[in-house]
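I opened the notebook today to look up a few things in this structure. Here is what I had on screen while I wrote.

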Amino acid sequence: MTTTAAAPADFTTAAWPGCPPRLLREQPGVEDYSSYRADGGYRPFPAAEGFLAEVDRSGLLGRGGAAFPLAVKLRSVRDAGRDTVVVANGEEGEPASIKDRWLLRNRPHLVLDGLRLAAHTVAAARAYVYVSDPQAARSVEDAVNQLDAETLGGLDITVFTVAAGYVAGEETAALRAINGGPAKPTDKPPRPYQHGVAGLPTLVSNVETLANLPYVQRHGATAFRSVGTAGSPGTFLATVTGAGRPAALYEVPHGAPVTELLALHQVPPERVRGALMGGYFAGLLNRDVLEATLDHETVRALGSGLGCGAIAVLTDDCPVAVAAAVLAYFDRENAGQCGSCFNGTAAMAAVAGALRDGIATDEDLARLRRWSVQLRGRGACGTLDGAANVAASLLAQFPQLVQHHLDNDCAACASAPFAAARPYAVEEATS
């Protein structure tokens with residue numbers, strides 16, 4: 001493993017054994033223009049239609065959380081007309097993830113290369129890099145200033161900075177902020193490809209997703225699919241936290257066994273109680289996670305999701321207390337726009353907190369179970385769905401532990417109760 005200069009001091013990055021990295025870089029520090037160019041970056045623009053077909057064949061899925069096919073997004077914006085806009089979404093509101101910040105801080109030219117390829121494909125003349133991390137913003141601005149007009153192909157790139165927040169990275173929140181409003185979600189439709197920046201068709205894509213495009217251009221779809229699974233091709237960046245270990249960022253081939261990731265992170269499987277998957281959004285899994293492989297289809301079949309690739313490994317921490325902390329976070333961080341979310345996250349957080357403290361009743365638990373089903377889909381963004389996922393997965397994955405808490409009989413919480421305002425957050429670097 002190599003410690004990077006532009007990350008927290010106890011933070012490490014590592015490629016997967018036997019899998020040459022596509023996104024990570026072994027050399028520490030920020031990759032400059034000359035190094036990136038010497039390594040084959042910023043190649044001449046390909047034919048837009050042919051490149052779009054190659055992206056389609058690659059099967060590249062979005063890395064921001066929803067795993068939506070990038071080619072479909074590109075086609076939707078391209079077909080909407082020539083006056084289009086592209087937004088690289090690097091507002092990493094998920095506290096348990098650092099992949100986007102790492103790319104923007106350390107490999108800004110890789111992200112910008114992907115951004116210009118996406119803009120070329122949809123015939124966009126304007127692009128934005130949307131961030132909240134000041135260090136990432138400085139890194140990208142420095143990189144943009146190193147580019148000439150020929151490399152950019154006439155593309156005008158603006159680095160747009162907002163205050164950090166869980167909902168600020170939602171795609172409609174990004175558009176609303178760029179358009180002069182608050183960084184809070186709006187109802188859909190219209191979708192960004194229909195009505196985005198300045199009312200124009202807009203592609204909003206996660207920075208890790210865009211960072212894969214230069215590889216597709218250089219090596220082609222077949223090489224891209226040479227690792228991963230049929231449904232989840234390529235590699236992804238996994239932020240791993242928890243288990244009393246320093247946080248780490250791994251580039252993992254889709255389909256890799258969870259047990260191999262734990263071995264790389266030096267966590268004995270016998271210590272694992274479960275995991276918080278996909279950041280806070282996808283909810284909890286019990287020890288069945290040890291049988292899983294890291295691809296969308298397998299994790300989805302377990303009732304969870306890879307999301308943004310953040311995985312918090314639970315060992316000594318009580319899953320009930322972890323769920324209570326995450327739900328309290330959702331309660332604090334909701335946008336305050338939708339009554340169902342504002343009230344629903346507060347209600348679920350209150351019950352989870354009472355359950356953690358051993359004072360919840362059977363009636364409280366019944367309400368939590370009902371809310372975890374009935375409140376889904378009622379908010380403008382995914383915050384309420386994320387809260388419902390956490391509540392539902394806790395009840396489904398850890399029923400015996402929930403009963404222990406109803407009986408006020410949890411040894412872990414009695415001795416050292418878990419409490420965190422931002423559970424398993426990867427803290428900001430001070431540099």
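My entries follow, going from the domains to the cores, some helices, single residues and a pocket.

**Entry 1: domains**

I am working with a predicted model. I began with the domain bounds, and the protein is divided into domain 1 (13-225), domain 2 (235-307) and domain 3 (319-415). I then took the centres of domain 1 and domain 3 over C-alpha atoms and got a separation of 34 Å. The contact between these two takes twelve residues from domain 1 and eight residues from domain 3.

**Entry 2: nonpolar cores**

Which residues have the most contacts inside the largest nonpolar core? I found Val86, Leu112, Leu115, Val129, Ile157 and Leu213, in a core of 53 residues. Helix 5 (residues 108-122) supplies the largest share of this core, eight residues. Both domain 1 (13-225) and domain 2 (235-307) give residues to this core, so it lies between them.

Not counting residues up to four places away in sequence, Ile157 touches Leu112, Leu115, Ala127, Val129, Val144 and Leu152. Apart from this core I noted another one, of 50 residues, with Ala96, Val326, Leu375 and Cys381 among them.

How many residues of helix 4 (residues 99-106) are buried? I counted eight of the eight, so helix 4 is largely enclosed by the rest of the structure. For the record, the buried residues are Lys99, Asp100, Arg101, Trp102, Leu103, Leu104, Arg105 and Asn106.

I went on to helix 8 (residues 171-178), where six of the eight residues are buried, so this helix too is largely enclosed by the rest of the structure. My list of buried residues here reads Thr172, Ala173, Ala174, Leu175, Ala177 and Ile178. What covers them? I found that the cover includes strand 3 (84-89), strand 4 (124-131), strand 5 (156-161) and strand 6 (202-206). Just after helix 8, I noted a positive phi of about 105° at Gly180.

**Entry 3: helix 17**

In helix 17 (residues 399-406), I found Leu401, Val402, His405 and Leu406 buried. They cover an arc of only 150° around the axis, which puts them on the same side of helix 17. Their cover includes helix 13 (319-333), helix 14 (339-356), helix 15 (362-374), helix 16 (383-397) and helix 18 (411-415). Just after helix 17, Asn408 takes a positive phi of about 55°.

I looked up Ser58 and found it in helix 2 (residues 48-58). Is Ser58 buried or exposed? At 0% relative accessibility, with the cut-off for buried being under 20%, Ser58 counts as buried. Leaving aside neighbours within four places in sequence, Ser58 is in contact with Val216, Ala221, Phe224, Arg225 and Pro233.

My next stop was His296, which sits in helix 12 (residues 296-301). Its relative accessibility is 8%, so His296 counts as buried. Not counting residues up to four places away in sequence, I saw His296 touch Leu61, Ala67, Ser232, His254 and Leu306.

Where does Val267 lie? I placed Val267 in the loop between helix 11 (258-264) and strand 9 (274-277). With a relative accessible area of 3%, Val267 is buried. Its contacts, leaving aside neighbours within four places in sequence, are Ala243, Arg245, Leu262, Val272, Val313 and Thr315. I also took one distance from here: the C-alpha atoms of Val267 and Gln397, 130 residues apart along the chain, are separated by 21 Å.

**Entry 4: the second largest pocket**

I ended with the second largest pocket, which holds about 400 Å³ of space. There are 22 residues lining this pocket, and the closest to its centre are Pro21, Arg22, Leu24, Asp39 and Arg107. The elements that give two or more residues to the lining are helix 1 (33-38) and helix 10 (213-224). Which of the elements gives the most to the lining? I wrote down helix 10, with four residues.

Methods. Residues numbered from 1 in each chain as written. Predicted model: local features only at pLDDT ≥ 70, side-chain atom pairs only at ≥ 80, totals over all residues. Heavy atoms only, no water. Buried < 20%, exposed > 50% of the residue type's maximum accessible area, 1.4 Å probe, protein only. Core = buried A, V, L, I, M, F, W, Y, C linked by side-chain atoms within 4.5 Å. Domains from an automatic or database assignment. Contact = heavy atoms within 4.5 Å. Arc of directions from axis to C-beta. 1 Å grid on protein atoms, 1.4 Å probe; cavity = no way out; pocket = protein on both sides within 12 Å on 5 of 7 lines; lining within 4 Å. Points joined across faces, edges and corners; volume = space filled by probe spheres on them.
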